[in-house]
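Okay, thanks everyone, let's get going. I'd like to walk you through the inside of this one and then the charged pairs. Have a look at the screen.

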Amino acid sequence: MARVVVDVMPKPEILDPQGQAVANALPRLGFDGITAVRQGKHFELEVADDVDDATLAKIAETFLANPVIEDWIVRRVEA
C-alpha cells in the first residue's frame with residue numbers, strides 16, 4: 001500500500017472568504033504579523049501500489065477538486 005496526499009487550494013485569482021475571515025480574526029485573538037490566509041483541503045489516500053500517477057491525477061481532477069476554481073498537487077509520501 002502507498003500513501004498519497006492531495007492538497008487542493010483555491011486558484012490565486014479566486015476570492016477566499018474563509019481565508020479572509022481567518023486572517024481578520026487572528027489579530028483580534030492576539031496573533032499579529034499574519035498578512036494573508038488561504039484555506040484549502042487536504043486529502044490522504046491509501047492506495048494499492050499498482051495505482052499509477054495518471055489515475056491519481058484523474059481522481060484529483062474529477063472528484064477531489066473543482067478545476068475551474070481550484071489547483072491541486074498530488075504526491076506520494078512515505079507510509
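Let's start with Ala60, which touches Val6, Ala65, Trp72 and Val74, leaving out residues up to four places away in sequence. Contact here means heavy atoms within 4.5 Å. Before I go on, the housekeeping: this is a predicted model, where local features need pLDDT of at least 70 and side-chain atom pairs count only at pLDDT 80 or more, while totals for chains, interfaces and linings use all residues. Residues are numbered from 1 along each chain as its sequence is written, and side-chain values use heavy atoms, with hydrogens and water left out.

So, back to Ala60, which sits in helix α2. Helices (H or I, at least four residues) and strands (E, at least two) are DSSP runs, numbered from the N terminus. Is Ala60 buried or exposed? Buried, because its relative accessibility is 0%. The cut-offs are under 20% relative accessible area for buried, over 50% for exposed, and partly exposed in between, with a 1.4 Å probe and protein chains only. For a sense of distance, Ala60 and Val37 are 23 residues apart in sequence and 23 Å apart in space, C-alpha to C-alpha.

Now the helix as a whole. Which residues of α2 are buried? They are Leu56, Ala60 and Leu64. Looking down the axis of α2, these buried residues fall within an arc of 40°, so they line one face of the helix; the arc is that of the directions from the helix axis to the C-beta atoms.

With residues up to four places away in sequence not counted, Leu56 touches Val4, Val47, Val51, Val74 and Arg76.

That brings us to the largest nonpolar core, which has 10 residues: Ala2, Val4, Val6, Val8, Leu45, Val47, Leu56, Ala60, Leu64 and Ala65. At least two residues of this core come from each of β1 (2–10), β2 (41–47) and α2 (53–64). β1 gives the most, with four residues. By nonpolar core I mean a set of buried Ala, Val, Leu, Ile, Met, Phe, Trp, Tyr and Cys residues joined through side-chain atoms within 4.5 Å.

Okay, on to the charges. How many salt bridges do we get? Four, by the rule of a side-chain nitrogen of Lys or Arg within 4 Å of a carboxyl oxygen of Asp or Glu. I'll show you some of them.

Arg3 pairs with Glu46, with the closest N and O atoms 2.7 Å apart. Arg3 is in strand β1 and Glu46 in strand β2, so this pair ties together parts that are 43 residues apart in sequence. Arg3 is partly exposed at 28% relative accessibility, and Glu46 is partly exposed at 44%.

Next, Asp7 forms a salt bridge with Arg75, the closest N and O atoms being 3.1 Å apart. Here the link runs from strand β1 to strand β3, 68 residues apart.

Then there's Lys41 with Glu70, where the closest N and O atoms are 3.4 Å apart. Lys41 is in strand β2 and Glu70 in strand β3, 29 residues apart. Lys41 is partly exposed at 35%, whereas Glu70 is buried, with a relative accessible area of 13%.
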